[in-house]
Amino acid sequence: MERGVPFLDAAARGACTESLNEGAFAKTPAFYTSFTKLGARIHTRLMRGAFDGERKQNKTKPMKTPKTILAATLGVAMSIPVVVGAPLPPPRPNAGTPPPPTAGILNPPPPPTGANVPLPPGATPPPPPPGRAIPIVGLDAAKSRDFTDGLDEFTKVETAAGGLGPIFNDVSCVACHRAGGVGGGSRVFVTRFGKVVDGAFDPMVSEGGPLLQRRAISPEFVERVPLTANVVIRRITTPVFGLGLMEAIPDAVIRAGAVAKGDGIAGKVAVVTDPVSGKEGVGRFGWKAQHASILGFSADAYLNEMGITNRYFPTENAPNGDAGLLARADVVADPEDPANGVTEKGDVDRAGDFMRYLAPIPRAKATARSAAGERTFAAIGCVKCHTPAMSTGAHSVAALANKRVELYSDLLLHDMGSLGDGMPQGAAGAREMRTAPLWGLRLRDMYLHDGRAITVDAAVRAHDGEARIVKDRYVALKDADRAALLEFLGTL
Ligand code: HEC
Ligand code: HEC
C-alpha cells in the first residue's frame, strides 16, 4: 500500500483529520487556531458542511468540497475529494470538557526500548500522555518492532491510490481511535441502519447496509441512509487499549461467567464466526461482542471504515449496493492490502499487532474514598457484569501469558432493555450489549454505545433491563456513597 506523501506537518494533518471527523464537536478556540495554518476558506467550507448535519438525516445534501482544498487538507499524493454526505452530530451545548487537542497524535512513536522499562514496585504508572502509545511490559525485541511497525500502520493516512474508498468513513485508524493517546476511543461515531419488517431485522445489505460509509472519493459515490430504513443508530468509537490481553482470555473463562447471578442477571456468551479462522469463537470486541479476534476486527475495519479490501474481506462495498457505480468507482485491484511475500503480513496484520501489544491504561492511585467506592461497586452488584478481573491463559507471547486483566467486564452480552440499540449483530439481539469494559474510563468524556451520556453518573442511570435492580440500588445510595463510587470509577 502506498504511503501518503506528508506535505503538511504532523500537527496540521492531525488538525485536518480532526476537523473532517468531528466538525460539529470541535468548536474550541484551539480548534479554530489550528486552522489558521490552512486558511480560513478551508475552515469555512468544512464547518459549513459540519453544520449541515443539523438538518434531517435523509434530507441532508452532500457537501461538495473542491479537490484542491481536499488535496491540501488530507495531505495525500492523489487528490481525494471527500464528500460529507451523512449527518454529522448535532452540536452538544453542554458536552462538558472538549476532547483533548489531538495535534501531535501523528508524532513519531517513542522508541520501544525505554517505554518498556518496568516500573519500580508499588509505583502508580501514569496514563500515557496524548500522542504517546505504550506497549505492554515484557515484549521481546521482535515484538517491540512489530508494535512500532503497527503504530505506523494504525496512524497512516490512506490514499485513494493505495485503496482508500471508494466509500469510507475516515482516512486512518487513529482519526477515530485517539482519545487519551493513539488507540483511545472518541466521540467519533459511525451510523448503522436496517429495517424491521414483521418483527424480523433486515440489515439492508443490498442497499449498502448495515454500516453507512459517509465519505467517498468522488461526490457521485457518496452513500445515504435509505429512506426505507426504520432502524438508524450511532455507535461511538471504543478504545483498543489492552486488546491483546482481552484476546488472550480463554473462551472457557468467559463461558464460566455466564451463570445466574441473582437480581435477574445471567449474561450470554457471544458465539461468533471469526473471519480469520472461519471457526466459531467467543466474541468479545465491539459494543455487541461481534468479533472474537483482533485480526478479524482489524480486517473488518480496513474494509468497512476505510474501504481497503484485504484477504479476509476481499469484496469492496458498493455505494448503497449499486454495483454499476462500484464498477466505475473502484480502480485499485483487490485485495488492496495483500500480504507481503516475505513477512506474510498486510496492513491488517500490522495494525493488529499494534492493538495486540498496546498496554492497557494503568489505574490511578486509589484514595480512601475511592477504595470505599470500590466496595460499594461490589456490594450493590455492579460486579455481576463488570467483573473486576479475569486471567489470560497460556500464550505464545510471554508478555500476554497468565496475566491478570483488570478490565471490569465479563465480556458477555446482557439484555439492557431500553438501553439496547435495536440493532441485532453477530450473536447479539436487538437489546443485547456487551458489558462495556471500564478500564481506561477516565480518559473518556462520552459514554454508552451512542454517546448519550456525558457524565459517568448519567451512564449508570441509563442502565436498564438486566441491570435494572442494580441501577435502582445505585440511585438509592446516599449521595456520599454514590460520590465515592464515582470517585472509584474515576481511578479506572
Ligand atoms: C470512522 C471511525 C473509525 C475508524 C476510521 C476506525 N474505527 Fe475502529 N471503531 C470505531 C467504532 C465506532 C467502533 C465501535 C464499533 C462497534 O462496536 O459497533 C470501533 C471499534 C474498534 C475495535 C473494537 C474494540 C473493542 O473491543 O471494542 C477495534 C479492534 C477497531 N475499532 C480497530 C480499528 C482499526 C484497526 C482501524 C483502522 C483500520 C479502525 N478501527 C478504524 C470507529 C472507527
Ligand atoms: C446487567 C449487567 C450490568 C450491570 C449490573 C451493570 N452494568 Fe454497567 N454496563 C453494562 C453494559 C451492557 C454496558 C454497555 C451499555 C451500552 O452499550 O451502551 C455498560 C456500561 C457502563 C458504563 C459506560 C461505559 C462506557 O464505555 O461507555 C459505565 C460507567 C457503567 N456501565 C457502570 C456501571 C455501574 C457503576 C454499575 C453498578 C451500579 C453497572 N454499570 C452495572 C452492563 C451492566
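**Exercise 1. How many other C-beta atoms lie within 10 Å of Ala-453, and is Ala-453 buried, partly exposed or exposed?**

Before we start, a word on the model: it is predicted, so local features need pLDDT of at least 70 and side-chain atom pairs count only at pLDDT 80 or more, while totals for chains, interfaces and linings use all residues. Residues are numbered from 1 along each chain as its sequence is written, and chains are lettered from A and ligands numbered from 1 in the order in which they are written.

Step 1. Find Ala-453 in the loop between strand E11 (432-434) and H13. Helices (H or I, at least four residues) and strands (E, at least two) are DSSP runs, numbered from the N terminus.

Step 2. Count the atoms: 15 other C-beta atoms lie within 10 Å of Ala-453.

Step 3. Apply the cut-offs: a residue is buried with 20 or more other C-beta atoms within 10 Å of its own, exposed with 12 or fewer, and partly exposed in between, the C-beta atoms being placed from the backbone. Ala-453 is therefore partly exposed.

Step 4. Look at its partners. Two residues are in contact if their C-beta atoms, placed from the backbone, lie within 7 Å. Leaving aside neighbours within four places in sequence, Ala-453 is in contact with Tyr-447, Leu-448, Ala-458, Ala-459 and Ala-462.

**Exercise 2. Work out which side of helix H14 (468-476) is buried.**

Step 1. List the buried residues of H14: Val-470, Lys-471 and Tyr-474.

Step 2. Check their directions from the helix axis to the C-beta atoms, which define the arc. These residues cover an arc of only 100 degrees, so they sit on the same side of H14.

Step 3. Turn to the other side of H14, where Asp-472, Val-475 and Ala-476 are exposed.

Step 4. Ask what lies over the buried residues of H14: the cover includes H13 and helix H15 (479-489).

**Exercise 3. Describe the surroundings of the two ligands.**

**Exercise 4. Find the residues with the most contacts inside the largest nonpolar core.**

Step 1. Define the core: a set of buried Ala, Val, Leu, Ile, Met, Phe, Trp, Tyr and Cys residues joined through C-beta atoms within 7 Å.

Step 2. The largest such core has 96 residues, and Phe-354 and Leu-358 have the most contacts inside it. H9 gives the most to this core, with eight residues.

Step 3. Beyond its neighbours within four places in sequence, Phe-354 is in contact with Phe-147, Gly-150, Leu-151, Glu-153 and Phe-154.
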